[in-house]
Amino acid sequence: RCPLLLQQEVCSFLAWSVMAYYLGTKYWYRSQALVSFVMPVVFILTLAGLLLPSSESVPFALRLGQRPTLLFLHIALFLFAYGAFIITFLAGLMYIIQERSLKQKRFGSLWFKLPSLDTCDDMSYKSVGIGFVLLTLGIVTGIVSSRHIDGLYWHGDPSEFLALATWCVYLFMVHCRLTAGWRGRRAALLSIAGFVMTLVSLEIGRASCRE
């Protein structure tokens, strides 16, 4: 089967997706500082994948005797979306750090390696756009997969509500960027708020996959 259902598999796959986004971002923007922010995230995810307790139970979708191809696609799209949102969060974090250093006129060694404010903002915008499209596709495939597994499009469980709430946060972020011209600090703060929703949604979704 596709290794995307157990908690160790989710953490490992997410670490790989973040690393893939990092390589693409590094090639596009030539940023030297991004690795200082990405590698701790990848290390934590990889370590979690190694140390989290293994589960001997068969995931619910497989116990039904189905061939959950759409379920695997749904989870993969979600994890790739979350990887993009992590890059969005890190770009917003770099923006906040650099802006604060400029205001306080305190420039450490890391500041000189940070990309410009415009680059951080553009990096955040492009990654949130990719993540939002993937998240939308993930929600659609999740609804269709749920219908194939047990005949229901919507179960009303916390993971579904949190996924929808996360989608709304990033929809608001994209909408404000395109229509109201929200950039810079406000966009960076929104990316941090969206990342918090992503963490909660990932944890609840991971718990649901174990049931």
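These legends accompany close-up views of a predicted model.

**Figure 1. Confidence across the predicted protein.** The mean pLDDT of the protein is 79. A value of 70 or more is reached by 81% of its residues. Confidence is highest in helix H2, residues 34–51, with a mean of 88. Helix H3, residues 60–63, marks the lowest confidence, with a mean of 52.

**Figure 2. The crossing of helices H1 and H2.** Helix H1 spans residues 7–29. Its axis and that of H2 come within 7 Å. The two axes cross at roughly 165°. Angles over 145 degrees count as roughly antiparallel, so H1 is roughly antiparallel to H2. The crossing is left-handed.

**Figure 3. Residues in the contact of H1 with H2.** H1 contributes Gln8, Cys11, Leu14, Ala15, Val18, Met19, Tyr22 and Thr25. From H2 come Leu34, Val35, Val38, Met39, Val42, Leu45, Thr46, Ala48 and Gly49. Of the residues in this contact, 13 are nonpolar and four are polar. None is charged.

**Figure 4. The surroundings of threonine 166.** Threonine 166 lies in helix H6, residues 158–180. Its relative accessible area is 0%, so threonine 166 is buried. Leaving aside neighbours within four places in sequence, threonine 166 is in contact with Leu135, Met197, Thr198 and Ser201.

Definitions and conventions:
Residues are numbered from 1 along each chain as its sequence is written. This is a predicted model: local features need pLDDT of at least 70, side-chain atom pairs count only at pLDDT 80 or more; totals for chains, interfaces and linings use all residues. Side-chain values use heavy atoms; hydrogens and water are left out. pLDDT is the predictor's confidence in each residue, from 0 to 100. Helices (H or I, at least four residues) and strands (E, at least two) are DSSP runs, numbered from the N terminus. Axes are lines fitted to C-alpha atoms, for helices over the stretch in contact, and angles run from 0 to 180 degrees between N-to-C directions. Angles under 35 degrees count as roughly parallel, over 145 as roughly antiparallel, 65 to 115 as roughly perpendicular and the rest as oblique. A crossing is left-handed if the near helix is turned anticlockwise from the far one by less than a right angle, and right-handed if clockwise. Contact means heavy atoms within 4.5 Å. Ala, Val, Leu, Ile, Met, Phe, Trp, Tyr, Cys and Pro count as nonpolar, Asp, Glu, Lys and Arg as charged, and the others, Gly among them, as polar. Buried means under 20% relative accessible area, exposed over 50%, partly exposed in between (1.4 Å probe, protein chains only).
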